[in-house]
Amino acid sequence: MNGSEIFGAWVAVFLTLGIFSYLYKDNPFYKISEHVFVGVSAGYWMAMAFWTQVQPNLFGRLWPTPEGEISGFLMKAWYGIYNFFGLILPSVFPDGGIDKGHGHDPHFMYILPFALGIMMLLSVASKLSWLARLGIAYTVGMAAGLRAYAFLNSNVLGQIKGSAVSFVDMPFFSLTGVSIFNNLIILVGTITGLLYFYFSKEHTGNFGKVTRVGIYFLMISFGASFGFAVMGRISLLIGRFTDLISYGGPTYNYASLWVLLVMIVLLAVWTFKGDKKVTG
Amino acid sequence: MEKFLDFIVRAGSLDRRYIFLVIALVVILPLFFPLGLPIRPTTSSQDVYDAVEKLEAGDKALVSFEYGPSTKPEIHPMAVALLRHLFERDVKVYITCLWPDGQFMAMEALQQVADRQYNKVYGEDYVLLGYRPGAEAVIKGLVSNIRKVFTVDARGNFLDDIPMMANVNQVGDFDYLFSASAGYPGTVEWVQYAADPTGVTMSTGTTSIQVNEVMPYVQSGQIVGILGGMPGAAEYESLIGQAGIGTSGMDAQSVAHLVIVGFIIFGNISFFVERRRSKKY
């Protein structure tokens, strides 16, 4: 076990116990852990997106490694821009173009997403923030179009096809008892659940009784979701405890035990002193 | 009797921190002293197992890692178990990631299973294509042309230089698809943009909280089987006969559930007793 792994374990233990300490009360350990988590997450996501998409797939297509000498005024000017960027950020724009398997000719079409991306960043400049709307409009429009078909196909048609029972060929009557029961439950649950969200008619009388059945179906569904949520959270707790137990061994210099001890002592001291920084 | 009811009402307003402490204890103790409770696979886990069993040596499986450290205890055990099953059957494994931290989860799982346990060769038996941002747009790209999305793998090798990438151009070229998903983008997007349009057999492993959302796709036959959270992982481990992290956590899971159910019942009794008293006075 090398030093960096042991150090990493100590940091992991501190952050885990720091977050758990919130269960006692809000305190500086929790604040530190929370801010470190948010900062590291944002930085990590941005770095990953840049080095796995923007640099290889955008810049790599705009300025691929040219085959042989660059000829022509336009190409020389185009790679002149690249060389200028290379002077500022040589790791992003290495000498001789970016070789990520996109061929040797620039894909000028990608100037469009590049420009839209820059426009979105301009939202921070008050005078030019209107340009950001173009980028956002493109993203929203593209996403809406892309999702509309997929939802219609998988969530509407696919679900209807999967749950519908054909009466024409009479397979309903050839189903087993359990399947008939399940299909009836789906039928009743779907119809009463949908009727519950029909607000053009007052939920009274027979209609009210039907929508009441819909509420029961919804409550059962929420109950199942709650049960699964509890199960998931317990699994995550088991995962953290498993790590804390392994970090509490001699290999990691008893990291869990030491950090836990120091935190308990400091929390106790702050509580008894009534430190104003520790808010309950 | 009245004293007992007094106790129940008082206990109902117990400081929540005592409940946290009890939950911590009932989770930790079984980790130190395992009970060895039996694990019975559900139909949905069995379906995933059967789908993999139908694959033959040399078939191609696309496995997507869509989770990170925050959901690792739930998804990672099932990802490891699935990789074990796939490599056991000599299926070629192609890995993509729609979450940035999914790449590191995949690297860890591959190191454990492909390198150490099965001595598989990178580029011939498995390949880590890596992460690409773009969510459903990435899946859509993979369905039409993988090389539009990935020109290099996670190690920087050109796709055309990787032997097992020969004749693999789109999702339709795969025999099996598995999404190890902890949210968006994940299982739902793979169903909508890959499995439904191409007809490739797809299974999934999700966090417990997602099971309700994904189950309709399983029941309609759009997904073949689902592994739900840590119990799903434990069931799959029992099916392949290799106990792992999922199995070791199930005792703690079961005991914790029992205690939580107890708390819920007790809390309800306390609530109803208190309500009856307030009506009375």
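Student: At what angle do α5(A) and helix α8 (residues 187–198) of chain B pack, and how far apart are their axes?

Tutor: Two packed helices are described by the angle between their axes and the distance between the axes. Here, α5(A) and α8(B) pack at about 75°, with axes 9 Å apart. Axes are lines fitted to C-alpha atoms over the stretch in contact; angles run from 0 to 180 degrees between N-to-C directions. α5(A) and α8(B) are therefore roughly perpendicular (65 to 115 degrees). Helices are DSSP runs (H or I, at least four residues), numbered from the N terminus. This is a predicted model: local features need pLDDT of at least 70, side-chain atom pairs pLDDT 80 or more, while totals for chains, interfaces and linings use all residues. Residues count from 1 along each chain as written, and chains are lettered from A in written order.

Student: Which residues make the contact of α5(A) with α8(B)?

Tutor: Contact means C-beta atoms, placed from the backbone, within 7 Å. α5(A) contributes A150(A), F151(A), N153(A), S154(A) and G158(A). α8(B) contributes V191(B), Q192(B), Y193(B) and D196(B). By class, four are nonpolar, four polar and one charged. Asp, Glu, Lys and Arg count as charged; Ala, Val, Leu, Ile, Met, Phe, Trp, Tyr, Cys and Pro as nonpolar; the others, Gly among them, as polar.

Student: How many residues of chain A are in contact with chain B?

Tutor: 39 residues of chain A meet 40 of chain B. α2 (28–62), α5 (132–163) and α7 (205–247) of chain A each supply at least two of the chain A residues. α7(A) gives the most, with 17 residues. The chain A side has 21 nonpolar, 16 polar and two charged residues.

How values were computed. Contact = placed C-beta atoms within 7 Å. Parallel < 35°, antiparallel > 145°, perpendicular 65-115°, else oblique.
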